[in-house]
Amino acid sequence: MTSSRAEPSAEPASPDVSLTDPDEPYSHKGLTYPLGRRGPGQGELIALAEGVGWARLPIPGSLRHINVWVLEDGDGVALVDTGLDIGPCREAWDALFEGPLAGRRITRVICTHFHPDHLGLAGWLTERFAVPLWMTRGEWLFGRMLSADVRDAPPPAALDHWRAAGWDEERIEAEAAKGWGRFASIVSPIPVSYVRMEEGDRLRLGSRDWRVLIGSGHCPEHACLVDDAGGLMIAGDQVLPRITSNVSVGLSEPEADPLGEWLASIEKLKRLPDSLLVLPSHGEPFTGLHARLDALAHGHRDRLDALHARLAEPRRAVDCFGTLFARQVDDSMLGLATGEALAHLRRLEVEGRAVREVRDGVHWYRAA
Ligand SMILES: [Zn+2]
């Protein structure tokens with residue numbers, strides 16, 4: 001539920017890059033990484049800027065890590081994003097609390113969005129330190145909703161949703177056998193109260209003034225934090241340097257247009273200065289915000305055009321994977337790939353470039 005698709009040329013880095021000192025600044029594809037390629041190790045807190053620390057938690061899968069930020073906040077520190085509720089993430093936090101954060105007061109926990117790698121340990125942390133959770137309303141509600149929805153088997157609407165996308169009965173059965181409610185299994189109980197962050201709010205933390213900027217498309221109401229005076233942006237998953245964030249149509253809102261929201265958010269973020277140092281949730285801090293936003297927008301536009309061309313014949317979501325993804329879609333990626341294919345098909349439909357026909361519960365799209 002984080003970011004799915006490695007771009008074809010994303011890794012490995014070009015050979016000349018891998019020969020450089022890992023701490024040396026380098027540039028790649030129009031972005032500059034002033035701290036080099038190295039990230040913080042277990043129990044390590046890198047002083048990124050005055051009052052801003054950078055730590056990493058290990059997470060399984062191709063992402064491998066999530067970045068978390070430790071912000072000086074009066075006589076203590078605020079934590080931004082939390083990792084999954086799994087042993088390795090708890091251990092990584094413990095190493096920080098016993099190491100560089102030993103004796104530090106924790107003032108609050110801020111989550112950029114509800115995805116489990118960001119929100120997973122928010123409940124564990126806020127309870128442990130008796131501090132409030134700060135989020136946007138859309139993200140807090142979504143997390144609370146998903147964590148409350150645990151059942152033995154998927155609701156019939158979920159099976160219909162997969163069938164509509166073109167999954168065969170064998171795949172549907174295999175997915176149904178996994179039960180329903182995985183979210184709650186990797187997210188500690190989410191606090192029943194929270195402090196709401198809204199667009200334009202200002203959070204005074206230490207000597208810095210962080211402005212809340214809301215993005216959408218990857219999730220309903222993603223909070224970025226921008227320190228205009230200090231030239232920093234905590235970007236969460238709204239802008240990532242090397243992978244494209246997952247943008248999916250899901251079961252909860254099948255007629256949504258998340259790719260439209262995502263592209264609009266890119267336009268909104270382009271109004272920020274290009275000089276910001278961007279602190280992403282995955283990968284390394286970088287400058288070159290506008291180049292990255294342009295590349296993301298062009299990538300989606302190119303895929304929309306390629307998909308449109310492919311819809312000369314009616315296609316289902318599962319028929320579009322080859323056009324949209326550089327890599328073969330295996331079963332572990334099927335859900336994310338389906339959601340992303342639906343997001344592109346839905347965008348074409350909203351733009352009037354595709355029409356949908358439903359036959360026996362299966363959705364077929366063709367170019368309009
Ligand atoms: Zn995410």
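Which residues form one aromatic cluster? Tyr26, Tyr33 and Phe286 do. This is a predicted model, where local features need pLDDT of at least 70, side-chain atom pairs count only at pLDDT 80 or more, and totals for chains, interfaces and linings use all residues. Residues are numbered from 1 along each chain as its sequence is written, and side-chain values use heavy atoms, leaving out hydrogens and water.

**The zinc site**
- His113 (NE2), His115 (ND1), His218 (NE2) and Asp237 (OD) are the protein donors of the zinc ion, at 2.1 to 2.2 Å; donors are N, O and S atoms within 2.8 Å of the metal (3.2 Å for Na, K and Ca), and since water is not among the atoms, sites may look incomplete.
- Along the chain, the donors of the zinc ion are spaced H-x1-H-x102-H-x18-D.
- His115 and Asp237 link distant parts of the chain, 122 residues apart.
- His115 is buried at 5% relative accessible area, and Asp237 is buried at 0% (buried means under 20% relative accessible area, with a 1.4 Å probe and protein chains only).

**Aromatic rings**
- There are 10 aromatic pairs, counting rings of Phe, Tyr and Trp (its six-membered ring) with centres within 6.5 Å.
- Phe114 and Phe183 have ring centres 6.0 Å apart and planes at 45 degrees, so this pair is tilted (under 30 degrees is stacked, over 60 edge-to-face, the rest tilted).
- Phe114 and Phe183 are both buried.

**Charges over rings**
- Arg108 sits over the face of Trp134, 4.5 Å from the ring centre, and Arg359 over that of Trp364, at 5.1 Å; the rule wants NZ of Lys or CZ of Arg within 6 Å of the ring centre and within 35 degrees of the ring normal.

How values were computed:
Helices (H or I, at least four residues) and strands (E, at least two) are DSSP runs, numbered from the N terminus. Buried means under 20% relative accessible area, exposed over 50%, partly exposed in between (1.4 Å probe, protein chains only).
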